[in-house]
Amino acid sequence: MPIELSDLVGDRRPAVVTMELQRGVVGDLSSFPTLADEVDRVGVIAHTARLTAEARRAGVPVVHCTAGFRADRRGSPANAPLIAALLRRPEHLLERTGAVEIVPALGAEPADLVSHRRHGVSPFLGTSLDPTLRALGVSTVVAAGVSLNLGIIGLVVEAVNLGYRVVVATDAVAGVPADFAADVLRHTLPLVATLATVDDIVNAF
């Protein structure tokens with residue numbers, strides 16, 4: 001029998017985990033303008049801002065996963081075509097610049113936590129995310145952010161592999177092209193996560 005959403009984000013200890021909602025990915029400094037446009041069209045930032053605000057009010061922790069690179073690229077292996085291409089762009093997602101900052105409209109608060117990485121395409125392996133969530137007693141990850149092409153899939157699969165249950169906020173995620181993103185939501189993520197709108201999630205807190 002499927003677990004009810006209220007059980008996942010009410011009775012169980014949830015955390016909202018955002019993925020790469022930073023200025024250099026989907027904001028004013030975006031290196032991915034097509035993705036940033038899709039994020040605007042879907043309303044990902046506004047929906048995620050509501051999700052995180054309601055989470056804080058309910059005492060649910062919020063963790064932002066960010067990505068960036070040193071100027072000298074040390075610690076960032078070019079072991080995938082996408083990463084190799086990004087590392088060839090000297091201005092891309094430089095640490096200590098605005099590109100790695102959370103999009104201001106998301107309304108990040110000082111009590112929010114940040115898990116940063118310089119490697120790979122997903123947020124758990126080799127980062128502080130898993131120990132952070134375990135220290136908070138979290139058992140359910142509520143995922144929002146980008147992209148449905150790769151990052152959100154990686155977040156969800158890694159979370160499941162580590163023993164978490166996962167809820168994906170369907171109106172707080174995006175990918176390109178839009179029809180591919182819709183297929184991921186229709187055919188891939190339901191195999192490993194519960195899908196729900198932000199309205200349904202916040203009503204279950």
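**Entry 1. Ground rules.** I noted that residues are numbered from 1 along each chain as its sequence is written, and that side-chain values use heavy atoms, with hydrogens and water left out. The model is predicted: local features need pLDDT of at least 70, side-chain atom pairs count only at pLDDT 80 or more, and totals for chains, interfaces and linings use all residues.

**Entry 2. The cores.** I looked up the nonpolar cores (sets of buried Ala, Val, Leu, Ile, Met, Phe, Trp, Tyr and Cys residues joined through side-chain atoms within 4.5 Å). Buried means under 20% relative accessible area, exposed over 50%, and partly exposed in between, with a 1.4 Å probe and protein chains only. The largest core has 25 residues, and Val17 and Leu133 are among those with the most contacts inside it. Helix α7 gives the most to this core, with four residues. Helices (H or I, at least four residues) and strands (E, at least two) are DSSP runs, numbered from the N terminus. I then listed the contacts of Val17 (heavy atoms within 4.5 Å); leaving out residues up to four places away in sequence, they include Val63, Cys65, Leu129 and Leu155.

**Entry 3. A leucine in a loop.** I found Leu136 in the loop between α6 and β4. Leu136 counts as partly exposed because its relative accessibility is 29%. Beyond its neighbours within four places in sequence, Leu136 is in contact with Arg13, Pro61 and Leu113.

**Entry 4. Salt bridges.** I counted 12 salt bridges, each a side-chain nitrogen of Lys or Arg within 4 Å of a carboxyl oxygen of Asp or Glu. In one of them, the side chains of Arg50 and Asp199 meet at 2.3 Å, N to O. This pair links distant parts of the chain, with Arg50 in helix α4 and Asp199 in helix α9, 149 residues apart. Glu95 and Arg118 also meet through their side chains, at 2.8 Å, N to O. Glu95 lies in the loop between α5 and β3 and Arg118 in the loop between β3 and α6, so the pair ties together parts that are 23 residues apart in sequence. I recorded Glu95 as buried because its relative accessible area is 18%, whereas Arg118, at 35% relative accessibility, counts as partly exposed. Arg186 and Asp183 form a further salt bridge, their closest N and O atoms being 2.7 Å apart. Both lie in helix α8, three residues apart, about one turn of the helix.
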